[in-house]
Amino acid sequence: MITPVFIRAYDNSTQVYVYLTYTGNKAANAVKFSKMDIMHSSVLNRTVYKSFPAKTYNFGIASTYHTTYIGTATVPTNQTKVRVSDSGLMVYVTSSGWLSTTNIIGQWPIQ
């Protein structure tokens, strides 16, 4: 399973660090996606704070748990959640190769 993690750089900062966390029963060593958008938490507000293009992120070591840094997004300080839209989310399981995983579309809290 892949889940996103959002951590504000510090109080009253618009800079939010974006991570993806892999948790699974089988060791994996990479995650990739075709596109990922970080947006306003409301479905009615289509403001995109950050678009991440297609990329593969290697963990460096195969593991059943790993968090990898994706980048930063600029999110207004009054927002406590963001919405994620992604496509082509996959994980490289060392025993099986690239496997599709459930999209992480939805609202996620900013820590």
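Five aromatic pairs are counted in this predicted model. Rings of Phe, Tyr and Trp, the last by its six-membered ring, pair if their centres lie within 6.5 Å. Planes under 30 degrees apart count as stacked, over 60 as edge-to-face and the rest as tilted. One of the pairs joins Tyr22 and Phe59. Their centres are 6.4 Å apart, with 35° between the planes, and the pair is tilted. This pair links distant parts of the chain. Tyr22 belongs to strand 2 and Phe59 to strand 3, 37 residues apart. Strands (E, at least two residues) and helices (H or I, at least four) are DSSP runs, numbered from the N terminus. Tyr22 is buried at 4% relative accessibility, and Phe59 is buried at 10%. Buried means under 20% relative accessible area, exposed over 50%, and partly exposed in between, with a 1.4 Å probe and protein chains only.

The rings of Tyr92 and Trp98 have their centres 5.3 Å apart. Their planes meet at 75°, so this pair is edge-to-face. Both residues count as partly exposed, Tyr92 at 29% relative accessibility and Trp98 at 31%. A further aromatic cluster is formed by Tyr17, Tyr19 and Tyr69.

Residues are numbered from 1 along each chain as its sequence is written. Local features need pLDDT of at least 70 and side-chain atom pairs count only at pLDDT 80 or more, whereas totals for chains, interfaces and linings use all residues; side-chain values use heavy atoms, with hydrogens and water left out.

Tyr92 stands opposite Trp98, which is in strand 6. Strand 5 (residues 90–93) and strand 6 (residues 97–100) run antiparallel and are joined by four bridges. Two strands pair if DSSP finds at least two bridges between them. Strands 5 and 6 form a hairpin, with three residues between them.

Trp98 also receives a charge. The charged end of Lys32 sits over the Trp98 ring, 4.3 Å from its centre. The criterion is NZ of Lys or CZ of Arg within 6 Å of the ring centre and within 35 degrees of the ring normal. Lys32 and Trp98 are both among the residues touched by Thr56. Thr56 also touches Ala30 and Val31, when residues up to four places away in sequence are not counted. Contact means heavy atoms within 4.5 Å. Thr56 lies in strand 3, residues 48–74. At 36% relative accessibility, Thr56 is partly exposed. The C-alpha atoms of Thr56 and Ser34 are separated by 9.1 Å, while the two residues are 22 apart along the chain.

The structure holds one salt bridge. Side chains of opposite charge can pair when their charged atoms come close. Here the partners are Lys35 and Asp37, and their closest N and O atoms are 3.6 Å apart. A salt bridge is a side-chain nitrogen of Lys or Arg within 4 Å of a carboxyl oxygen of Asp or Glu. Lys35 is partly exposed at 40% relative accessibility. Asp37 is buried, with a relative accessible area of 12%.

Asp37 lies in strand 2. Its side chain makes a polar contact of 2.6 Å with the side chain of Ser51. A polar contact is a pair of N or O atoms within 3.5 Å; within protein, one must be able to donate a hydrogen and the other to accept it, and residues adjacent in sequence count only if both atoms are side-chain atoms. Ser51 is also among the residues that Asp37 touches beyond four places in sequence.

Gly24 is found in strand 2 and is partly exposed at 24% relative accessibility. Gly24 and Thr64 are 40 residues apart in sequence, yet 5.1 Å apart in space, C-alpha to C-alpha. Asn25 is likewise found in strand 2. Asn25 is exposed, at 82% relative accessibility.

Asn12 is found in the loop between strand 1 (2–8) and strand 2 (15–40). Asn12 has a positive phi of about 60°, although it is not a glycine. Asn12 is exposed, with a relative accessible area of 69%.
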